Amino acid sequence: MMTGLANVSVVMVSYQTGAVLPIAVRATLAQSALQELVVVDNGNPPETLEMLRQLAQDDARLTLVSGHGNVGFAAACNIGAKAATGEFVLFLN
């Protein structure tokens, strides 16, 4: 049963995404129905990881999952889905 609007977990897999990643993260965090954003780091450079860590510090709804290397898109989606806590999961690619 739906308990409110903020019940969607968005899972985003990132591998060498580049400059569009912070734009996508901020746009996702601006959505009213968002419970959380799970970003799965699938092998980004250190500066990208640092940027994601900073965004996660600034917004508790952002969860960064990293440390597993590039396991492929489907496996990374499954990792993100396991970390998600929302009633609904949306995969944003």
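Guide: A salt bridge here is a side-chain nitrogen of Lys or Arg within 4 Å of a carboxyl oxygen of Asp or Glu, and by this rule the count comes to one. This is a predicted model, in which local features need pLDDT of at least 70 and side-chain atom pairs count only at pLDDT 80 or more, while totals for chains, interfaces and linings use all residues. Residues are numbered from 1 along each chain as its sequence is written, and side-chain values use heavy atoms, with hydrogens and water left out.

Visitor: Which residue forms a salt bridge with Arg61?

Guide: The partner is Asp59, with the closest N and O atoms 2.8 Å apart. Buried means under 20% relative accessible area, exposed over 50%, and partly exposed in between (1.4 Å probe, protein chains only); Asp59, at 18% relative accessibility, therefore counts as buried, whereas Arg61, at 25%, counts as partly exposed.

Visitor: How many residues has the largest nonpolar core?

Guide: In soluble globular proteins, nonpolar side chains tend to be buried together. A nonpolar core is a set of buried Ala, Val, Leu, Ile, Met, Phe, Trp, Tyr and Cys residues joined through side-chain atoms within 4.5 Å. The largest has 11 residues, including Val10, Leu37 and Leu62. Apart from it lies another core, of seven residues, among them Val11 and Val38.

Visitor: What is Leu62 in contact with?

Guide: With contact meaning heavy atoms within 4.5 Å, and leaving aside neighbours within four places in sequence, Leu62 is in contact with Val25, Leu29, Leu37, Val39, Leu52, Leu55 and Ala56. Leu62 is buried, with a relative accessible area of 5%.
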